[in-house]
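Trainee: Could we go through this model together? I'd like to start with the overall picture and then look at some detail.

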Amino acid sequence: MNIPHMEFEYKLIQQSRVSVITLKGRIGKDAKEHLEQCRKDIEELDADIIILLFKDVPVVDPAVFREVTLIQQDIRKKNIQLYLVGLSNTVKNYLNDRAIIRLSEVKNTLEEILSAKN
């Protein structure tokens, strides 16, 4: 399978007590520094809910499994509700099969999360 190379980037948006972290592009070894910075940003957050939005993420390379796992662990340690949204079925199954994500935290859309909270 030929996956186009898309530069990885992340963006953090916080509104009231909900933070959305958009992860975009191929998450490979060249994304490690970005993921480490993302962890530092999460430490500073005062949120009840954090949503990791996997927007246009075609692949998560095994080279960054540790960083992706640590981000989730950091969120859970702060007793913040974590949701993973926007995972393609391929990426979701790949990460789940390797115990990198919890299916109980995966949602299909942002609306699914926000409507359940109202």
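Trainee: What percentage of the 118 residues of the protein chain count as buried?

Mentor: Of the 118 residues, 40% count as buried, where buried means under 20% relative accessible area with a 1.4 Å probe, protein chains only. Keep in mind that this is a predicted model, in which local features need pLDDT of at least 70 and side-chain atom pairs count only at pLDDT 80 or more, while totals for chains, interfaces and linings use all residues. Residues are numbered from 1 along each chain as its sequence is written, and side-chain values use heavy atoms, with hydrogens and water left out.

Trainee: OK, and which pattern does the protein chain follow along the sequence?

Mentor: The pattern is β-β-α-β-α-β-α-β-α, made of four helices and five strands, these being DSSP runs (helices H or I, at least four residues; strands E, at least two) numbered from the N terminus.

Trainee: How do strands β1 and β2 run?

Mentor: They run antiparallel, with seven bridges joining β1, residues 9-15, to β2, residues 18-24; strands pair if DSSP finds at least two bridges between them. Lysine 11 stands opposite threonine 22 in β2.

Trainee: And what sits between β1 and β2?

Mentor: Two residues separate them in a hairpin, and serine 16 in the turn has a positive phi of about 50 degrees.

Trainee: Switching topic, what box do the C-alpha atoms fill?

Mentor: Taken along the principal axes, the box is roughly 40 × 25 × 25 Å.

Methods: Buried < 20%, exposed > 50% of the residue type's maximum accessible area, 1.4 Å probe, protein only.
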